[in-house]
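Have a look at it first, then read on.

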Amino acid sequence: MKSRPLFALLTALSLSGISSAAEEPFDIVVYGATGGGVAAAVEAGRLGKSVVLIEPQKHIGGMTAGGLGATDIGSKTTIIGLAREFYHRVWKHYQDPAAWKYETRAEYKPKHHDAISDHLETHWFFEPKVADKILTEMLTEAGVKVITGERLQREAGGVEKEGTRIVRITAESGKTFSGKVFIDASYEGDLMAGAGVSHFVGREANSQHGETLNGTRPRYPNEKAVDPYKVPGDPTSGLLPGIEPAPPQETGAADKRVQAYTFRLCLTDAAENRLPVTKPAGYDPLAYEAHLRWILANPKAAIPGKSLFKLTPMPNRKTDSNNHGPFSTDFVGRSAEWAEASYARREQMWQEHADYVQSWLWFLGNDARVPEMVRTETLRWGFPKDEFTDTGGWPFQLYVREARRLTSDYIVTEHDCRRTRLAPDGIMLASYSMDSHATSRFADPEGQLRSEGTFLVKVRPYPVSYRAIVPKEKECTNLLVPVCLSATHAAYGSIRMEPVFMMLGQASAFAAAQAIDGKQSVQSISAEKIRAHLGTAALIAAIRPAGAEDEKPAAKAKVKDPFSEAVLRLKKAQVLDGDLAWLEKMKPGENIDGVKVGGLLIRFAGLTKPVSTVDEALDHLASANLFPDSKGYWRANARAGKTCPAAQVKQLTVRLAGSLPKL
């Protein structure tokens, strides 16, 4: 990696060539070239509108091109429109053998069940440079004017309004951009804030909206205890760095904290393409003393990839390396200030986060106290020479998981995510789990280190309200906010995924075009028209409230036991043969021979492709999106010398039978 500071390399652009004269007027001005911003600009261009996309940094694409190659998908079939087109273009790119330099497509595909969906012609995992290439192509084809290195002037006058309409914005360089409709697609919501619309930073109290996941959330360690003091057992020695002296406040109470930020690193183990991780200036091993104590107390869990940092495989022997485990790349407790911080302070915070993550990798690879296995595995990885070439492999985009959030006439809450409430003006579906990383670490009264703020709760696809991306009409009538949308901390933890931002960006551009053509406020645009344009009407119409499946108890009573029904269906499909007593007469608490379970998987996979081993069966089922063994349980246990609990085998049987209609 090149020497610090890196942030200057990402913002030192050719500003000398930019005139202070006013820019020509545009129909639509998009601020923030995130994935959502790119989708908005492309859609606006395709609709025949004049559009400018303004990005404060040198690079476009936000997290999509900034290291987040392992797409947070949720339900694949809910991803539509320009988002789906992007992932299809990625798929087409990797169809070319020339795209594979350090491995072949056949070698890569089995590495992760979510990477490729050939039956959907989509490729969900990709290299950063490929995302940048495809997003740039889409912008060029749509005739979008892209301007990088222009930051919004955030002092008075940066956003000029006439009544409830924004008429122009001014950059720090003095350049102005006028438009009919504006779209704030930044991760921070600076344009939204400059327009004076209501917004919020932090966590609401659970009581405010009747939620369960909001506010302060202390949790007990699920691993061996970690002492939080510099001298173990001695509170007078002081706390280790990053640890607070007491719980933030009572459980469920509101505060201004947000979940931790990090960088999604792209690493490689291909020696010919690898740059070593270097020791940052100001490196302080004390910052990782609590981390070390956890590693030494949990040697079986402290394995790169399994914890410490992710090694999610990307094409060409690269990774998307995210936070993984209780002590990892998240800079816990250091993100709350970002949203409202000055540009100068954000630059400092960006560098602090970069130093923290790079120092963590250096610590793991070089501190003699770290177990040799961890050091050896860490040193096997470095930064690719062919990614982020202007910063020696370091990603340009800090992973700002949440910052400001709009407060509109509709606030998406946990109730939307749980489908106990369905927005009548839904325009697309979100489907990723409600997910928050830690917000703080503290010492509890017993002198034990604890974390605070995490949750991960699965959801089913749910509609996102159009009102959640437009401000209150009395505040601004020509602004859309597809990224910092109106949602509580709990709900935003589900919505904040790049495919969702892309879909909301596309919806914003269509609504903007409709508002321009009809000389209307953005609040007046029909959600029905947006659904029809995006192609989401049928998807949304199929969504039922939570519990709706149980509204006909008489009909439900006629349904056979799910397991017995599954066995019957598998028999008819000729998946089952020979002695079935082991399957039909399983008892609670019984352990089943792994060979028998493996045979079940092999015969099921054999319905569509001849296979002879459990590994071949699971690879095929994952690639066909019929049965992803996401945690590798069956790969490890459905084989000789292993056993599987009867309850697990029953669940497996039901899942396999449920996949038969897809064959």
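Which elements do the buried residues of α15 pack against? They pack against β18 (426–430), α14 (498–518) and α16 (537–541), where contact means heavy atoms within 4.5 Å.

Before going further, some ground rules. This is a predicted model, in which local features need pLDDT of at least 70 and side-chain atom pairs count only at pLDDT 80 or more, while totals for chains, interfaces and linings use all residues. Residues are numbered from 1 along each chain as its sequence is written, and side-chain values use heavy atoms, with hydrogens and water left out. Helices (H or I, at least four residues) and strands (E, at least two) are DSSP runs, numbered from the N terminus.

**Helix α15**

Back to α15, which covers residues 527–534. Its buried residues (under 20% relative accessible area, with exposed meaning over 50%, 1.4 Å probe, protein chains only) are A527, I530, R531 and L534. Looking down the axis of α15, these fall within an arc of 100°, so they line one face of the helix; the arc is taken from the directions from the helix axis to the C-beta atoms. On the face turned away from that buried side sit the exposed residues E528 and A532.

Next, an open sheet: 3 strands in the order β10-β21-β20, with antiparallel pairing. β10 (218–219) and β20 (440–443) are the edge strands with a single partner each, so one side of each has no neighbour in the sheet. Two strands count as paired if DSSP finds at least two bridges between them. β10 is joined to β21 (residues 449–452) by 2 bridges, and β20 is joined to β21 by 4 bridges. E452 in β21 is the bridge partner of P218, and E452 is also the bridge partner of S440.

In a regular strand, side chains alternate between the two faces of the sheet. In β20, S440 and F442 point one way and R441 and A443 the other, and all are buried. The hairpin of β20 and β21 has 5 residues between the strands, with G447 taking a positive phi near 75°.

The other hairpin is made by β6 and β7, with 2 residues between them, and G163 in the turn has a positive phi of about 65°. Here 4 bridges join β6 (residues 159–162) to β7 (residues 165–170), running antiparallel. One of the bridge pairs is E160 with R168 in β7.

Now for the holes. On a 1 Å grid over the protein atoms alone, a cavity is a set of points where a 1.4 Å probe fits but cannot get out, and a pocket is an open set with protein on both sides within 12 Å along at least five of seven lines; lining residues have an atom within 4 Å of a point. The whole structure has 6 cavities of 30 Å³ or more.

| Space | Volume | Residues nearest the centre |
|---|---|---|
| Largest cavity | about 330 Å³ | E55, P56, Q57, E188, W338 |
| Second largest pocket | about 350 Å³ | A287, Y288, F331, R334, Y356 |

α1 (7–11) and α10 (343–366) each supply at least two residues of the cavity's lining, and α10 gives the largest share, 4 residues. For the second largest pocket, α9 (289–297) and α10 are the elements giving two or more residues to the lining, with α10 giving the most, 5 residues.

Note on methods
Points joined across faces, edges and corners; volume = space filled by probe spheres on them.
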